[in-house]
Amino acid sequence: CLMEQVKMKIFSLREVSFENHIPEGWVANESLNVGYAVKLQTDESRNAVRVLLSVTYSDSSGVSLLSYEIEAIFIVKNLSELENKEEEIKKLFPTLLSTTLGAIRGMLVIKTQGTAFENTVLPLVPISKMLPNESDS
């Protein structure tokens, strides 16, 4: 099992950007669209994997209301020793992504307190819908 072979931990979580374009007097409703963007980078020299995750809320006409990006860095203790690094990282990606998604959900709750978004929690999304298709790689 891969998880038994690979030892990893969260090294850091940080906010990269936050943009609030919510018009004065705007009230949250059911017609919000949520978009996600994910970028994965490895740094073998540091045994690190970096996940950049951004979330954008837009209204039904596509106007961006709020966007937030965070960076999560994971230390994979034996990254440089893995034989097929690309394949092994691909297997770790769902765990890395779900951890980062949980982090951004909590960070957004704190970040949006006192705004029209304060009771809008990032919806649950099946990780499989956010993973690249085999044909995309």
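**Close-up views of salt bridges and a strand residue**

**View 1. Glutamate 15 and lysine 111 form a salt bridge, with 3.2 Å between the closest N and O atoms.** A salt bridge here is a side-chain nitrogen of Lys or Arg within 4 Å of a carboxyl oxygen of Asp or Glu. The model is predicted, so local features need pLDDT of at least 70 and side-chain atom pairs count only at pLDDT 80 or more, while totals for chains, interfaces and linings use all residues. Residues are numbered from 1 along each chain as its sequence is written, and side-chain values use heavy atoms, with hydrogens and water left out. Glutamate 15 lies in strand β1 and lysine 111 in helix α2 (residues 85–111), so the pair ties together parts that are 96 residues apart in sequence. Helices (H or I, at least four residues) and strands (E, at least two) are DSSP runs, numbered from the N terminus. Glutamate 15 is partly exposed at 33% relative accessibility, and lysine 111 is partly exposed at 32%. Buried means under 20% relative accessible area, exposed over 50%, and partly exposed in between (1.4 Å probe, protein chains only).

**View 2. Arginine 14 forms a salt bridge with glutamate 71, the closest N and O atoms lying 2.8 Å apart.** Arginine 14 belongs to strand β1 (residues 8–20) and glutamate 71 to strand β4 (residues 64–76), so this pair ties together parts 57 residues apart in sequence. Arginine 14 is partly exposed, its relative accessible area being 39%. Glutamate 71, in contrast, is buried at 7% relative accessibility.

**View 3. Arginine 50 and glutamate 71 meet through their side chains in a salt bridge of 2.5 Å, N to O.** Arginine 50 is in strand β3 (residues 48–58) and glutamate 71 in strand β4, so the pair ties together parts that are 21 residues apart in sequence. With a relative accessibility of 25%, arginine 50 is partly exposed.

**View 4. Arg14, Arg50 and Glu71 are linked in a network of salt bridges.** Glu71 pairs with Arg14 at 2.8 Å and with Arg50 at 2.5 Å. The structure as a whole holds 5 salt bridges.

**View 5. Serine 67 is placed in strand β4.** At 14% relative accessibility, serine 67 is buried. Leaving aside residues up to four places away in sequence, serine 67 touches Ser17, Phe18, Glu19, Val55 and Thr56. Contact means heavy atoms within 4.5 Å.
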